[in-house]
Amino acid sequence: MDFSFTDDQRQLRDALRGYLERENSFSARTASARSASGWSESLWRGLADDLGILGVGVAETAGGAGGNAIDMMVASEELGANLLVEPFLETSVIGAAALGAAGGREAELAAIVSGDMRCAFAWAEAESRFDPAAPATAATRTAAGWRLDGRKAVVTAAPYATHLLVTARDGDEPALFLVGADAAGLSLRGYPMIDGRRAADAVFDAVSLPEAALLLRGEEATERLCDIATAMLGAEALGVMRVMLDDTISFTKERRQFGQPIAGFQVLQHRMVDMYMQLELATSAVYRAVLSLDAAPAERARAVSAMKVTVAGACRFVGQNAIQLHGGMGMTDEVRVSHYFRRATVIESEFGSADWHRRRFAALSRAA
Amino acid sequence: MEIAWSADEIAFRDEVRAFLAEKLTDELRASGAHMTSVYADPGHARAWQAILHEKGWVAPAWPVEHGGTGWSLAQRYIWQRERIAAGAPPVSPMGVQMCGPAIIGHGSDAQKAFFLPRMLSGEHFWCQGYSETGSGSDLASLKCRAEDDGDHLVVTGQKLWSTHAHAANWGFFLVRTATLDRPQQGITFLLIDMASPGVTVVPTVSPAGENIQNEIFLDAVRVPKSNVVGAIGDGWTVAKYLLEFERGGAAYAPGLQIDLDEIEQFAGEVRGDDGGRLIDDAAFADAIAQARIDVLALEVFEFRAMSDASAGRYPHAIPSLMKIRGTELQQRITELRLLAAGRYGMAYQPQAGVSAGPVHFPHADGGFVGPREAAIAPMRYVSERAASIYAGTNEIQRNIIAKIMGL
């Protein structure tokens, strides 16, 4: 048993942290999020060209870094701590995993590595709640390939994506398709999210796709992809929570009331101890989930759902108390902790709420 | 002991319902029902206040001689419940619930004659100048300075968290007129015309992107001494009176019950985690049931406080207990709202609701995606994190109760 990071992983973390502090300061990040486009192309290009991080999980044969799940976890946590709005999760985690699993997709994987491709994951529908395995969007066979019809709800990063990864039902089976954002018959209605990122509702009206648009097929392939995405979202949450805890500790040490720093009050000390405990337990749950991604499907799914429940609870506790301990300042857009709180709130329900994952965990446990 | 409403109280409820049904326009109803925070927007609040003013119902808690209604506490409770259920926007509390009682309790006859009618009519729209950068929980340490200059006080300093200061034409302030041994001494309660030279209001943007709170800068603002409420240096007494009013003035249960009704209705329309409607989802139904059970206990707690107060008993811990429990439940219910919203609760769509101030984040102007309830849910969730911070943090309230318990 060994829970230490390799030298390469530590270097990856330090390089990423240093680069993001320079190139994507909190004010730069917020300006990008609130610009007309909602993201920074130059930062995205820099992540590809200067750091090569967009291909962290892409095989070396396709020009990537050939990193494993732990490398991706290290990167995700740092990007979370930086509150990145650009679609790393959607592209370099979900896109890379889907294209990698599909096989024979070297050109598209190379486009991920170079920063030319940006993905959005269109899995949710207004009536699907949190279930990724039962889309109503229909994939129909045509002479040329496929036709897609349906609607997707709150597709994160869709407004600045070059490609959508779309779940659809081929008969009884879920499948995943790669659709260009400029495909005829695809329309997007974009809007901001509460965490400052952008999303869109997407309508697929007889969108015709070539045979090669089909990436994955079957419930297990879809679930595996969602589990990878959820695990890396959990890693991102660790970075988000770490900053909230650090900022809260610094603030309460500086803020003076009744003639002393408020960090001296025991009730606040205990609150921060509980925040720390939640973060440590969330970290542990994320490690189990990430280390289980290649395990048998049921074990993997259980570890990921257990993690999501733990992380969602921690996000809520750490986020709410970070605001509370900042007092009135926590209720302003001016302090960054309020932005991290909003991101943590979105993470709580992204890829399924705690209730949904608790139920999935229980069902998997009964089956085992 | 008797828990049921009397026949007279039921008759009163019916009278209130009839009034609300007749006077509330669809627009006003929507402005109250679709609020994105606990604050109504000043425009709708003032329009509704004008209607109430005509009826004489703006300030139920005030003595009749100053324009109050003469209602019993039970009648005031019924009024509050029916108003919220009907979707009427609340009247801004800064004037009627806060500054008004201070003037009634401590003001001069001239102040009562000038300010109270204008407060009732809505001609004066009030804001509060209490907190400062260094003085939040420790309010008595406030530094905003007022120098004596003959008939005037000259005020210089800065104030924070002033709700609707950008829309207000009058403000009530706590300023320091002397530095003495105890920080509570030497504080003066002062009414300031917001159009006075030297007053600058700077918007504070909330995490929900709304400008409801403001920062107020005062630079050598000349205020006639006739605007001091109570005596110079006696402001803490006036403020304590007013803070107790703010803490004890509201009953939480009526609003929370309406919130839960709304969430249940919405949950009957959307899908839950197990494939059926959300309202039939066991985990969600349990969470709603628990919230209802907790609100039922709070309601009787509020009835008991009301009954005590009617008999002239004011147990000291009650306002703090009520504030803690009320705001914690209020916050938990916004969590349920967000849970019901599902994925659409991640979208930022303030335009689907009615904001209490200008919106500063990028958003669409017209329509929105998903159900309106889902669009409002994250606004309420984020905004109401303030409830455990404002009006004395819940940590400070617990300290107060501990002292009262003799710990």
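I took angles under 35 degrees as roughly parallel, over 145 as roughly antiparallel, 65 to 115 as roughly perpendicular and the rest as oblique. The model is predicted, so local features need pLDDT of at least 70 and side-chain atom pairs pLDDT 80 or more, while totals for chains, interfaces and linings use all residues. Residues are numbered from 1 along each chain as its sequence is written, chains are lettered from A, and side-chain values use heavy atoms, without hydrogens and water.

**Helix pair.** I looked up helix 4 (residues 69–81) and helix 5 (residues 88–102) of chain A; helices are DSSP runs of H or I, at least four residues, numbered from the N terminus. Their axes, lines fitted to C-alpha atoms over the stretch in contact, with angles from 0 to 180 degrees between N-to-C directions, come within 12 Å and cross at roughly 175°. The two helices are therefore roughly antiparallel. Contact (heavy atoms within 4.5 Å) involves, among others, Met72(A) and Leu79(A) of helix 4 and Phe88(A) of helix 5.

**Salt bridge.** I found that Arg360(A) pairs with Glu223(A), closest N and O atoms 3.0 Å apart; a salt bridge needs a Lys or Arg side-chain nitrogen within 4 Å of an Asp or Glu carboxyl oxygen. Arg360(A) lies in helix 11 and Glu223(A) in helix 7, so the pair ties together parts 137 residues apart in sequence.
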